[in-house]
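Please look over the fold below. The report follows the structure.

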Amino acid sequence: MSNTTSSSQLTTTPAAVLPAQRTVSSAMKVFSSLLRADLTTQWRNRRATLMVFLLPVIILFAWRPLIKQFGGPFVLSNCITIGLNAIGIMGYTNSIARDRDKGIFQRLRVSPAPNWTIMGSRLIVQIILISLLTVVVFIAGYQYDHISLTAGGYIATFFIALVVGAVYLALGQAIVGRIMNPETVNATSRLIYLALILIGMFGELGMLGKALNKIVDYSPYGTVERIVSHALVPASWNTDASIALLITLGYTAVFSYLGIKWFKWNSR
């Protein structure tokens, strides 16, 4: 309620409005505290974060000869897709499994913190990582491979990466929701991550045969790569890109539903 609200309004609905304001204010303070704590934890684990960023950059350097054959946007889109995989399936999944095993979630659940603040702060951290990853790939692509885009291409890709990165966060949530043991979560996430990027990369290069290449095109890797490649060159956006975006949003909805349904706040 704004400061300009009349005294008559305050006297008619104080019991309904003012407690609600205090509740929202309290929740936002809790959310702010959790976000600061999660950002601090992420900074202390910055070596692991650097490893997540390292693979896309290595792929970017290694695929330099392919730029003449496939074009710069093709290489950049695959590198960004690989990075989004790493953040969602490796980083997010294992951090949730580790904190749950340590009992952090169980302790937070008995605190005044609403459930949405607990997971929301962690998702904000992942969004920040996705933003940083996209910028790092842009800079490395320009400095090393001399790949330049239009201003619209940079802006569109930045925001598209935030949208499509959600599919891997949702998949990670489904993995950690279904599997309780943190070591099993770690092994499973690594297996799924490697399968997605290896099959995805070979499929994008047309090395798996016509039938498998078609499956890859409609996998989470293929749809995200297609969306990002078209976002890099906004003028190339077409019906296929729109269909890929709808499929990706469908994957996100399904994985999110399963992740929320299966998730348990403790490992027991």
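This is a predicted model: local features need pLDDT of at least 70, side-chain atom pairs count only at pLDDT 80 or more; totals for chains, interfaces and linings use all residues.

Residues are numbered from 1 along each chain as its sequence is written, and side-chain values use heavy atoms, with hydrogens and water left out.

**Whole chain**

The chain has 12 helices and 0 strands. Helices (H or I, at least four residues) and strands (E, at least two) are DSSP runs, numbered from the N terminus. Along the principal axes, the C-alpha atoms fill a box of roughly 70 × 45 × 35 Å. Of the 268 residues, 44% are buried. Buried means under 20% relative accessible area, exposed over 50%, and partly exposed in between (1.4 Å probe, protein chains only). Contact means heavy atoms within 4.5 Å. Among contacts between residues at least 6 apart in sequence, 76% join residues at least 24 apart.

**Core**

A nonpolar core is a set of buried Ala, Val, Leu, Ile, Met, Phe, Trp, Tyr and Cys residues joined through side-chain atoms within 4.5 Å. The largest one has 62 residues. Val 75, Leu 84, Ile 118 and Tyr 168 have the most contacts inside it. Elements that give two or more residues to this core include helix H3 (46-62), helix H5 (72-101) and helix H12 (239-262). H5 provides the largest share, 14 residues. Ile 118 touches Leu 34, Phe 105, Leu 108, Arg 109, Ala 113 and Trp 265, not counting residues up to four places away in sequence.

**Two helix pairs**

Two packed helices are described by the angle between their axes and the distance between the axes. Axes are lines fitted to C-alpha atoms, for helices over the stretch in contact, and angles run from 0 to 180 degrees between N-to-C directions.

Helix H7 (residues 115-145) packs on helix H8 (residues 151-178) at about 135°, with the axes 9 Å apart. That makes H7 oblique to H8 (angles under 35 degrees count as roughly parallel, over 145 as roughly antiparallel, 65 to 115 as roughly perpendicular and the rest as oblique). Their crossing is right-handed. A crossing is left-handed if the near helix is turned anticlockwise from the far one by less than a right angle, and right-handed if clockwise. Residues in the contact include Ile 127 and Phe 138 of H7 and Phe 158 and Leu 169 of H8.

The axes of H9 and helix H10 (residues 210-217) come within 9 Å and cross at roughly 115°. This crossing is left-handed. Among the residues in contact are Phe 202 of H9 and Val 216 of H10.

| Residue | Relative accessible area | Class |
|---|---|---|
| Asp 145 | 7% | buried |
| Pro 234 | 36% | partly exposed |
| His 146 | 58% | exposed |

Asp 145 is found in helix H7. Beyond four places in sequence, Asp 145 touches Leu 60, Arg 64, Ile 67 and Ala 140.

His 146 lies in the loop between H7 and H8. His 146 is not a glycine, yet has a positive phi of about 55°.

Pro 234 sits in the loop between H11 and H12. Leaving aside neighbours within four places in sequence, Pro 234 is in contact with Thr 150, Gly 152, Gly 153 and Ala 156. The C-alpha atoms of Pro 234 and Ala 86 are separated by 25 Å, and the two residues are 148 apart along the chain.
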